[in-house]
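Please look over the following notes with the coordinates open beside you.

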Amino acid sequence: KSYDECKKKYGDNRVINSKYTILSFLPLILITHLSRFMNLYFIIIGVLQLFKSISPVNPLTTWAPIVVIFAITFIREGIDDYHHHLQDNEINSRQYVVIRDGHSQRVKSKDITVGDIVVVDRDRECPCDMVILHSTDQSGVAYIETSNLDGETNLKEIRAIREFQELGYEGLKRSTIYIKCRPPSADIYTFIGSGYIDSVDSQSYQMDKNQFMQSGVFIKSVDQVYGIACYTGNKTKLGLNSNPPPVK
């Protein structure tokens, strides 16, 4: 499929870990905090104290602490989310070379979509979940560091299937690669798929975790790895295992 068709069906590779926008910040944070029983209780007490026929207590004694506590909470939550926005922007703005519709071009990480062949250099982070097609090592082997996923610093071996490895850079540009795989899942060590060259009616090449590179892993031991994007954005293994930051 073309880039536009894939983007429409699967979306792009935009990573969003922030919770709020400028417009949604105040409504969402108010709803979140007022849904907590203790916060709602003191708000109700403060409202009742506004009516002298109900309570003789000066409402300022209740509203002053409420306003101060909520203001501190909102400011801290806003600062934390601002840092999430900065981190998202840094990740989404990273530049990668991709082979798309037979042409090589440089794009931002957020613009990668399923079907793009992504070139990842040594010591760079993999921007999405990919299947390795070619390694600059002649044997098709590459090593990845998965510390972002499981905390392990031991390198893990992945290996391109020989038929894809032999295509090389120019062959990948001239060919159309098809990958059939299961829908996204949170199991970071599982991948089952089939690869085809030029037609899904051609010979099928079985793929598993030995050809799979998760988003967030670092490429080691080889100068470059070429992989085809299978899962992008928050549908990656890393994205599906990420929990939203808690409200403080």
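1. Two strands are taken to pair if DSSP finds at least two bridges between them, and the strands themselves are DSSP runs (E, at least two residues) numbered from the N terminus. The model is a predicted one, in which local features need pLDDT of at least 70, side-chain atom pairs count only at pLDDT 80 or more, and totals for chains, interfaces and linings use all residues. Residues are numbered from 1 along each chain as its sequence is written, and side-chain values use heavy atoms, with hydrogens and water left out.

2. On that basis, strand β5 (residues 141-145) is joined to β11 by three bridges, and the two run antiparallel; within this pairing, Y143 stands opposite K220 of β11.

3. Both strands belong to an open sheet of three strands, ordered β6-β5-β11 and paired antiparallel. Because β6 (155-159) and β11 (218-220) each have a single partner strand, they stand at the edges, and one side of each is left without a neighbour in the sheet. From one strand to the next the twist averages 40 degrees, with axes fitted as lines to C-alpha atoms and angles running from 0 to 180 degrees between N-to-C directions.

4. If a disulfide is a pair of cysteine sulfur atoms within 2.5 Å, how many disulfides does the count give? The count comes to zero. C128 is in no disulfide, the nearest cysteine sulfur being that of C126, 5.5 Å away; at 0% relative accessibility, C128 counts as buried (under 20% relative accessible area, with a 1.4 Å probe and protein chains only).

5. For C230, the closest cysteine sulfur is in C181 at 4.6 Å, which is too far for a bond. C230 is likewise buried, with a relative accessible area of 8%.

Terms used. A disulfide is a pair of cysteine sulfur atoms within 2.5 Å. Buried means under 20% relative accessible area, exposed over 50%, partly exposed in between (1.4 Å probe, protein chains only). Helices (H or I, at least four residues) and strands (E, at least two) are DSSP runs, numbered from the N terminus.
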